[in-house]
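Welcome! Take a look at it, and then read on.

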Amino acid sequence: MHPTPSKELLLKAMTDLQGLHVYTGLDRRDNSLLSREDVSRMLADNSLITSETPNFMFVSFSGNEVSIVGYNQYYRPKTQDYRSPMIYRYRGQLKRAVYSLPHMAPESGDLKVTSKPIENVQLWLLNEKKTVYPDFNGTLTFKSWSGEYIAISAFTTRSWDSIF
C-alpha cells in the first residue's frame with residue numbers, strides 16, 4: 001500500500017508555497033528579481049511587463065482555499081503554433097492530496113492536489129489582448145525540490161498542455 005501525505009506535510013507545502021515566487025529562465029526560484037510591489041504594479045498595469053520580465057507566481061492559502069495569480073512568458077497549447085505571454089488566475093477549494101509518484105514516496109515529495117474550482121482558470125493572453133479559459137479540472141501539482149515546495153503547476157485535462 002502506498003503512503004498518503006500527512007497533515008504536517010500538507011501544512012509544510014502550504015507554508016512553503018504561500019507568498020511570492022519569482023523564477024529565472026531555468027525555472028529556478030530567485031525572489032530577488034522582483035519585489036511584491038513590482039508584481040502588484042505589473043498585474044495592475046500589464047504594459048509594465050516586458051520580454052525581460054521573469055515568470056512569477058503569487059500564492060495565497062486561506063483555510064482550504066487556494067488563490068493563485070501569476071505571469072508566464074510562454075503559453076502554447078498544442079493547437080497553437082506560437083507562444084504568448086500570459087497572466088493567469090485561479091481560485092479553488094482544496095479537496096485531497098496524494099503523492100504524484102506514490103511508489104517513490106516520500107523521497108519524491110511532489111503532490112497531486114485535487115481542488116474544486118471556485119473560479120475557473122483564467123488566462124489573459126498579453127499579445128492577443130484576450131481572455132481564454134483552458135480545459136482544467138482543478139488538479140494541481142505541488143512541486144518539491146530538496147525537501148522544500150517551490151512551485152504549483154496545472155495542466156489541461158485532455159492534452160496535458162502546461163497552463164502554469
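## Glutamine 73 and its surroundings

In this predicted model, the side chain of glutamine 73 reaches the backbone oxygen of threonine 53 at 2.5 Å. You can find glutamine 73 in strand S3. Is this residue buried or exposed? With a relative accessible area of 19%, glutamine 73 counts as buried, because the cut-off for buried is under 20%. If we leave aside neighbours within four places in sequence, the contacts of glutamine 73 are Ser51, Glu52, Thr53, Pro54, Asn55, Ser84 and Pro85.

## An aromatic pair

Next, the rings. The model has four aromatic pairs. One of them joins tyrosine 88 and phenylalanine 164, which are stacked with 4.4 Å from centre to centre and 5 degrees between the planes. Tyrosine 88 belongs to strand S4 (residues 84-99) and phenylalanine 164 to the segment after strand S8 (148-154), so the pair ties together parts that are 76 residues apart in sequence. Tyrosine 88 and phenylalanine 164 are both buried.

## The largest pocket

Now for the largest pocket, which has a volume of about 570 Å³. Its lining counts 26 residues, and the closest to the centre are Asp27, Asn55, Asn72, Lys143 and Phe164. Several strands each supply at least two residues of this lining: S2 (55-62), S3 (65-75), S7 (139-145) and S8. Here is how the lining divides by residue type:

| Type of lining residue | Number of residues |
|---|---|
| Nonpolar | 13 residues |
| Polar | eight residues |

Key. Residues are numbered from 1 along each chain as its sequence is written. This is a predicted model: local features need pLDDT of at least 70, side-chain atom pairs count only at pLDDT 80 or more; totals for chains, interfaces and linings use all residues. Side-chain values use heavy atoms; hydrogens and water are left out. Rings of Phe, Tyr and Trp (its six-membered ring) pair if their centres lie within 6.5 Å; planes under 30 degrees apart count as stacked, over 60 as edge-to-face and the rest as tilted. Helices (H or I, at least four residues) and strands (E, at least two) are DSSP runs, numbered from the N terminus. Buried means under 20% relative accessible area, exposed over 50%, partly exposed in between (1.4 Å probe, protein chains only). On a 1 Å grid over the protein atoms alone, a cavity is a set of points where a 1.4 Å probe fits but cannot get out, and a pocket is an open set with protein on both sides within 12 Å along at least five of seven lines; lining residues have an atom within 4 Å of a point. Grid points are joined across faces, edges and corners, and a volume is the space filled by probe spheres set on the points. Ala, Val, Leu, Ile, Met, Phe, Trp, Tyr, Cys and Pro count as nonpolar, Asp, Glu, Lys and Arg as charged, and the others, Gly among them, as polar. A polar contact is a pair of N or O atoms within 3.5 Å; within protein, one must be able to donate a hydrogen and the other to accept it, and residues adjacent in sequence count only if both atoms are side-chain atoms. Contact means heavy atoms within 4.5 Å.
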